[in-house]
Amino acid sequence: LSVTQMLTSKRGDAALLVSEAGALAGIITDTDVTRRLVAKHLDASSTIVANIMTKNPTCVSMTDPAMDAMSTMVENHFRHLPVVDE
């Protein structure tokens, strides 16, 4: 629930989640919330983010060409694509 409240307050529709070590653990989007929480009538106050986020999302590197990132997004129907600094 706190993640969705943060997204709402910042007018966002996605958040990256990192492990304690700073590695990318997943991404949660408004679509994840809609399909994995709301549509399944789960209780937002007791649902763990890890249970509805997309784990190990597809990413691109900061050094990848922008067209590669765009192709990945179009081919996979992504609205969000994390860019990582490896």
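What follows is a short exchange about a predicted model of one protein chain.

Colleague: In what order do the elements of the chain run from the N terminus on?

Modeller: The chain has three helices and five strands. Its C-alpha trace spans about 40 × 30 × 20 Å along the principal axes. From the N terminus on, the order is α-β-β-α-β-β-α-β.

Colleague: Is glycine 12 buried, partly exposed or exposed?

Modeller: Glycine 12 sits in the loop between helix H1 (2-9) and strand E1 (14-18). Its relative accessible area is 35%. Buried needs under 20% and exposed needs over 50%. Therefore glycine 12 counts as partly exposed.

Colleague: How far apart in space are glycine 12 and cysteine 59?

Modeller: In sequence, glycine 12 and cysteine 59 are 47 residues apart. C-alpha to C-alpha, the distance in space is 19 Å.

Colleague: Which residue in E2 is the bridge partner of valine 18?

Modeller: E1 and strand E2 (residues 24-29) run antiparallel and are joined by five bridges. They form a hairpin with five residues between them. In that turn, glycine 22 has a positive phi of about 90°. Across the pair, the partner of valine 18 is leucine 24.

Colleague: Which element gives the largest share of the lining of the largest pocket?

Modeller: The largest pocket has a volume of about 380 Å³. E2 and helix H2 (30-38) are the elements that give two or more residues to its lining. Five residues, the largest share, come from H2.

Colleague: Which residues lie nearest the centre of the largest pocket?

Modeller: The lining of this pocket has 16 residues. They divide into five nonpolar, six polar and five charged. Nearest the centre lie Thr29, Asp32, Thr54, His77 and Phe78.

Colleague: Which residues make up the largest nonpolar core?

Modeller: In soluble globular proteins, nonpolar side chains tend to be buried together. Here the largest nonpolar core has eight residues. The members are Val3, Leu7, Ala15, Ile28, Val33, Leu37, Ile52 and Met53.

Colleague: Which residues does methionine 53 touch, leaving out those up to four places away in sequence?

Modeller: Methionine 53 belongs to the largest nonpolar core. Contact here means heavy atoms within 4.5 Å. With sequence neighbours up to four places away not counted, methionine 53 touches Leu17, Ala25, Gly26, Ile27, Ile28, Asp32 and Arg36.

Colleague: What percentage of the residues in the chain are buried?

Modeller: The chain has 86 residues. A residue is buried when its relative accessible area is under 20%. The buried residues make up 23%.

Terms used:
Residues numbered from 1 in each chain as written. Predicted model: local features only at pLDDT ≥ 70, side-chain atom pairs only at ≥ 80, totals over all residues. Heavy atoms only, no water. Helix = DSSP H or I, 4+ residues; strand = E, 2+ residues; numbered from the N terminus. Buried < 20%, exposed > 50% of the residue type's maximum accessible area, 1.4 Å probe, protein only. Pairing = 2+ DSSP bridges. 1 Å grid on protein atoms, 1.4 Å probe; cavity = no way out; pocket = protein on both sides within 12 Å on 5 of 7 lines; lining within 4 Å. Points joined across faces, edges and corners; volume = space filled by probe spheres on them. Nonpolar A, V, L, I, M, F, W, Y, C, P; charged D, E, K, R; others polar. Core = buried A, V, L, I, M, F, W, Y, C linked by side-chain atoms within 4.5 Å.
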